[in-house]
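Please look through the sequence and the model shown here before reading on. The paragraphs below take the parts one after another.

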Amino acid sequence: MTPPDATDGKGPDRTAFPQIRTVGTDGLLVSFGEALSEPANRAALAFRAAIEAADLPGLLETSASLVSAYLRFDLCVSDHATMKAALEALLASQDWTSAPLPGGRKLWRIPTVYGTDLAPQLEEAAAVAGLSPDDAIASISNARVRVQTIGFAPGMPYLGELPPDWAIPRQTELTGQVPAGGLCVAIRQLVLFPVATPTGWRHIGQTAFPLFRPDDPEPFALRPGDEAQFIPVMAEQLAAMRNAPDGGAAFEVLP
Amino acid sequence: MTPALIVHRAGPGVTVQDLGRPGYLAFGLSRGGPADRLALAEGAALLSQDEGLAAIEMAGMGGEFEATADMRIALTGAPMRATIDGTRIAWNASHCLAAGQRHSVGAAECGSYGYLHLGGGVAADERLGARSTHLAAGIGRMLTPGTRLPTGPDKHPGAVGMTLDADARFEGGTVRVVPSLKTEFFDPNQIARFEADEFRRDSRGNRMGVRFLPGGGGYQNEAGLSVVSEVIVPGDIQITGDGTPFVLLSECQTTGGYPRIGSVLPADLPRVAQAQAGARLKFRFVTLEDAVKAELLEQVRRRGLRRALRPLVRDPRSMADLLSYQLISGATAGDDLERPLP
């Protein structure tokens, strides 16, 4: 059969939010907006926590992306209609877009080398954003960005929101391999890679910040809601921080 | 001393895999686990043990192994040339590997991922609640010569010599897909062409995903390159910037911005993972309702695998296997193959 749109759980109006859609064969996604916004991001984080707390029979796993909460369930225990009804009841229980941010948030200051051969796409990204390389560095390093979600790779943050200049698209071709600690930019967001990864985002900075520590009691350095600032340092300074705790980064707990 | 399997030689993609580690999706860590989940179920059936026990996954090429104590083994997934002390042994079957014997597994004859299961499972250390190596996340690593893999307690020592007709899934074919997030960015003509197209499995592929080359041109969509990143699940068919589909597997990323034209049913994902470079694959859309039915049927079938076991030696061509049962030294009562499994 061909383009199957009545079967995928989408309502007739794809512009109305919140919206419940299916993901693959055994997942549901509750989205709070089409594009990233502060209220939609808040709602996604809070709603995912609410799904976890609701103890739904058959629930296997949840996550929050930038504007959505996802759940996967056991098809032998529950079905799409039952899960969807439970989600609708939860949605109706409060205004999720005004939910508070998670508690115990931290502000991280993370030493970063901008440009050089450690981060070879700074100039290209600056050009696409219509900025000089120096202005680009100033713009990114002065921005205090928030962890909007953790995803893609273990412990990897999507951070935002950057000033409007940075509404630049991803690249069509993937960048071969960005090393662990690489800071990349697109669509008014930064991502920081925990492991070496090919990506469509442009590599503008390099840090020594370990995001994923599989043998630590706390394996993930960042949580959604945390904030970060990427402080410019010289390549030699970063080299000296490679073996320092947290790659030379430091945090304070936000009130 | 705990019985162990010593790795003397290993191909470049040999790892320990159990069912993976659900629960860390919100931290960006995908569940992982075997590229071919069915193979893990088949191995568990052959050894009459729990599906959650860890086995050894061999991508394209096996290795050479030695047991420190008599142990049961089973081989599933992509058929590979396997021997014990030089004598060929059957694939999709359980065998005894006696202490000191050398077990050698060669290159895949078709398909991509072969599995070596041990009675009692591989008792490697758990990390974040599972034994699976997750290469993309840097959890665990590929097995190298000299590694000693301890085994867990085997509840059915001696119960070997069984075989199972493997679900053929090693040479491409047709897989079922459901519409998923962002399928609507592809217009009906693209979807129709996608269903009619015959794809070739590219040489690029790993446990994160495999690339399929279209017969005609690439697939275009209206999403552009600035769509907000959204959750990704194994089976999702991501269309990257050049219009080529990439089917995501167990070690896939957890979110991504490229549009997905559909999502392969979990039941059919082993066929995608096992397709070797050059294999031809087609995609067919089914409704969500049919996909759910297919999944439930597959669950029932996998749970019933043990009932599908047959004694290996009914086929006289497999008689050589008897040599590995130590019949001569009297270590068995000689009626192993007649006895029902516990």
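**The domains of chain B**

In chain B, the centres of domain 1 and domain 2, taken over C-alpha atoms, are separated by 28 Å. Domain 1 of chain B covers 4-167 + 309-325, and domain 2 of chain B covers 173-301; the bounds come from an automatic or database domain assignment. This is a predicted model, in which local features need pLDDT of at least 70 and side-chain atom pairs count only at pLDDT 80 or more, while totals for chains, interfaces and linings use all residues. Residues are numbered from 1 along each chain as its sequence is written, and chains are lettered from A and ligands numbered from 1 in the order in which they are written.

Where the two domains of chain B meet, 21 residues of domain 1 are in contact with 12 residues of domain 2. Two residues are in contact if their C-beta atoms, placed from the backbone, lie within 7 Å. On the side of domain 1 of chain B that touches domain 2 of chain B, 10 residues are nonpolar, 8 polar and 3 charged. Here Ala, Val, Leu, Ile, Met, Phe, Trp, Tyr, Cys and Pro count as nonpolar, Asp, Glu, Lys and Arg as charged, and the others, Gly among them, as polar.

Chain B as a whole contains 4 helices and 22 strands. Both are DSSP runs numbered from the N terminus, helices being H or I of at least four residues and strands E of at least two. The radius of gyration of chain B is 21 Å, close to the 20 Å that the globule rule gives for 342 residues, so chain B is as compact as a globular protein of that length. This radius is taken over C-alpha atoms, and the globule rule is 2.2 Å times the number of residues to the power 0.38. Along the principal axes, the C-alpha atoms of chain B fill a box of roughly 70 × 40 × 30 Å. Of the 342 residues in chain B, 53% are buried. A residue is buried if 20 or more other C-beta atoms lie within 10 Å of its own, exposed if 12 or fewer, and partly exposed in between, with C-beta atoms placed from the backbone.

One open sheet of chain B has 6 strands in the order β7-β6-β9-β4-β1-β11, with antiparallel pairing. At its edges stand β7 (87-88) and β11 (148-150) of chain B, each with a single partner strand, so one side of each is left without a neighbour in the sheet. Within this sheet, β6 (residues 80-84) and β9 (residues 102-108) of chain B pair in the antiparallel sense over 4 bridges; two strands pair if DSSP finds at least two bridges between them. Thr83(B) stands opposite Ser104(B) in β9(B).

Chain A is also divided into two domains, domain 1 (19-98) and domain 2 (106-253). Their centres, taken over C-alpha atoms, are separated by 29 Å. The contact between them takes 6 residues from domain 1 of chain A and 7 residues from domain 2 of chain A. The side of domain 1 of chain A that touches domain 2 of chain A has 4 nonpolar, 2 polar and no charged residues.

Strand β13 (residues 227-232) of chain A pairs in the parallel sense with strand β5 (residues 106-114) of chain A over 6 bridges. Strand β6 (residues 145-150) of chain A is joined to β13(A) by 2 bridges and runs antiparallel to it. There, Arg146(A) has Glu227(A) as its bridge partner.

Leu71(A) lies in strand β4 of chain A. With 26 C-beta neighbours inside 10 Å, Leu71(A) counts as buried. Its C-alpha atom is separated by 6.5 Å from that of Leu29(A), 42 residues apart along the chain. Leaving aside neighbours within four places in sequence, Leu71(A) is in contact with Gly27(A), Leu28(A), Ile51(A), Leu59(A) and Thr62(A).

Between the chains, 50 residues of chain A are in contact with 52 residues of chain B. On the chain A side, the elements giving two or more residues are β1 (19-23), β2 (27-31), β3 (59-64) and β4 (68-73). The most comes from β3(A), with 5 residues.

Finally, the confidence scores: the model has ipTM 0.87 and pTM 0.88. Chain B averages a pLDDT of 90, where pLDDT is the predictor's confidence in each residue, from 0 to 100. Over residues 325-342 of chain B the pLDDT is below 50. Where pLDDT is low, the predicted coordinates should not be read in detail.
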